[in-house]
Amino acid sequence: MQSIAYGFPRLGRKREYKKAIEGYWKGNFDETQLDAQLTELHQQMLDAYAAQVDEYPTGEMTRYDWMIDTAIMLGVYRPADLNEYYELCRGEHALEMTKWFNTNYHYIVPQLDGVEPGDLSLTVPARPEASQAEHTPPRFLIGPFTFFKLSKGISETRFAEYLRAAAKLYRDLLEDYAACHIHEPAFAMDISESERAAIAEAYEIISHSGAQITLFTYYDSVDFLEELFALPVDGFGLDFVHGSENVGEILRIGFPEQKRLVAGLVDGRNVWRTNLSAARDTLEALSGVTSRLAVSNAAPLFHLPVTLEGESLGAQLTAALAFAEEKLEDISHLAATYDSGEREALPQSPAVPGEGSVRRTVEELTEADFTRSAPYEQRRKLQSQRFDLPLFPTTTIGSFPQTREVRKTRAAFRRGEITSEQYQGFIRETIADSIRRQEEIGLDVFVHGEPERSDMVEYFAEKLEGIATTQNGWIISYGTRGYRPPIIYGDISRPEPMTIDEISYAQSLTDKPVKGMLTGPVTIIAWSFTREDIPVHQVAYQLSLSLQKEVADYEEAGIGMVQIDEPAFREMAPNKHRRWADYFDWATRAFRLCVANADPRTQVHSHMCYSEFNEIIDEIQKMDFDVISIEATRSGGEVIDSFEKTDFTRQIGLGVYDIHSPAVPTQEEIERVVQRAVEVIPRENFWINPDCGLKTRDWEEVMPSLKNMVSAATSLRR
């Protein structure tokens, strides 16, 4: 049994990837020094593979994102140097960024407007890459179908033309390689008949390179396996964890004996140890249809932290967990035990604590528990009387800059170097400074700035029972931006209020309304590793009940606005549209459960970012919020256009500038965004706000940006 792995985290055990690239941005390193550090990281990835598995790819290191690298390889963009490369990723006119399938990784979206198939040309950019003296691993590439499927600016009628042109470039590229792993996760999406025909044509062209090609697809099952298996390639890597339908279909239709089947049986998206006995059963079943079997991870390992080493999670929980390095062990162990005939199974999940009282409460919920007491139209009148906001009310999304002093003080508190009283005093000083700044800027609705929160999910995870947090369990969200997903392992409850002290203190410093800030249940699940022994909707409802108590505490404290952020609402939608109805049913109900008991005078906000909103606007309205803010800048007018096709009745703030770029927007630029938006959105429904939270920016950028935003609102009111 051969063992294969792919997608090992490039972040590094100590986030060396982030430090290297951000050091380059700050001028601490030149390009040569940056590449030397990234090459060393790549070597660590290859060494981790080599210690455990038989086959793995090279070429997985990137200076920012694989999709933008592929766009450059195909001649869509031709940056003159590394600075121009980063301009595409994070500059003043950076490309749009959105979720990678239904994961929390974000990719740069190539824009092909104005690019003709004949304009494509092969350019193999230099990349930081280690070498393997012992053998030459297969080359890693994002496949051409996935590249164009996830890009923008191509009409459906011309899709095959672009794919055909790119296939010729892939063929030419692969003539220099003996073997290649081509990743086509988009094969697991809903694929049309014409797209299947285009795929067949493209891979017929690519096959003439002479390279041994293994196609990997994951995140879901493939609906056209018979046609897939007919492609002229050497083998196929399939996801048998998140695409469990693949197994039954292969047993029904068979598998071509001359090709290799790479069975993805070790979960690359969740942290529980592999059930080796169950995985072995699957391998035995598959061995009845093919003798060329290999075992691998299901989905790339970069969705996991690098290693469990150094974590303090308790013996019972630790024994049940596997991060990327431990998943490699699982792959190796599965191959070895299959060969030896052993039946050993590693623990799959820890015992769930508690007596099940939370689960019983969830099971007893009725429809009334998901419904607010007054309809939106009535709530809006009551809220208008309460807050008396001007036309185009201005606000921010929640977080303000996490300055070096904020991070340093939080770290000192966690290390026990300062007392709780000293830390809380510092947090209050920082909140007071944020309120003063908002008064100076002239915003209409304030936030407290979230200086006490390291991360919008981790902060709540630390306050809730049934969720564990890690010390160094970082994964990449986009570019160099990392976060530490918590681990939901048991029933969830709220022992005490989580955010009331900070919000109440902020409100005491101003007459302007201050929003209470909470992270929604869907996002907490999406940005955590969740338990698998109960249905995911039950986990969501458990979280909602805890957040419902927090909303009640806000109201008792006199807080009149509550923002429940759900940036992952679209992200968690299944890759197959046929499964959307079930998902959106529980996802919208989970949000409504948080606020079902809220007073009609309490204005409920939500925030979403980096999603394809035009696909889900109707589902969003079912959440029954009062105001929503969404990202709109990088996607240009596309989001705005979608509002021409739906009757969106709620209040909305389309982000008027991109906070992921250090560029300061001008008043005129902001006014143009708003003027375009109010062509399709009633101006009385329109709020003005940035795209997202301001945590990653500096005050030197934030203050002039927000002042220009308020000046734009003032001008527009006139």
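**Leu389.** I looked up Leu389 and found it partly exposed, because its relative accessible area is 26% (buried means under 20%, exposed over 50%, partly exposed in between, with a 1.4 Å probe and protein chains only). The model is predicted: local features need pLDDT of at least 70, side-chain atom pairs count only at pLDDT 80 or more, and totals for chains, interfaces and linings use all residues. Residues are numbered from 1 along each chain as its sequence is written, and side-chain values use heavy atoms, with hydrogens and water left out.

I placed Leu389 in the loop between helix H14 (376-387) and helix H15 (404-414). Helices here are DSSP runs of H or I with at least four residues, strands are runs of E with at least two, and both are numbered from the N terminus. Apart from neighbours within four places in sequence, Leu389 is in contact with Asp444, Val445, Met561 and Trp687 (contact means heavy atoms within 4.5 Å).

**Sheet.** I then traced an open sheet of seven strands, with parallel pairing, in the order S1-S9-S8-S7-S6-S5-S4. Two strands pair if DSSP finds at least two bridges between them. At the edges I found S1 (2-3) and S4 (139-142), each of which pairs on one side only. I checked S5 (residues 179-183) against S6 (residues 212-216) and found five bridges in the parallel sense. Opposite Thr214 in S6 stands His181.

**Helix H6.** I found H6 (residues 159-174) lying across S4, S5 and S6, at about 170° to S4. The angle is taken between N-to-C directions, from 0 to 180 degrees, with axes fitted to C-alpha atoms, for helices over the stretch in contact. The end C-alpha atoms of H6 are 22 Å apart, which agrees with the 22 Å that its 16 residues should span at 1.5 Å a residue (the expected span is 1.5 Å times one less than the number of residues). Among the buried residues of H6 I noted Phe159, Tyr162, Leu163 and Tyr170. Their cover includes S4, S5, S6 and helix H7 (193-206).

**Helix H20.** How many of the 21 residues of H20 are buried? I noted 15, so H20 is largely enclosed by the rest of the structure. H20 (residues 536-556) should span 30 Å, and its end C-alpha atoms are 31 Å apart, which agrees. After H20 comes Gly558, with a positive phi near 85°.

**Cysteines.** Cys180 counts as buried because its relative accessibility is 1%. Cys692 also counts as buried, at 15%. I looked for disulfides (cysteine sulfur atoms within 2.5 Å) and the count came to zero.
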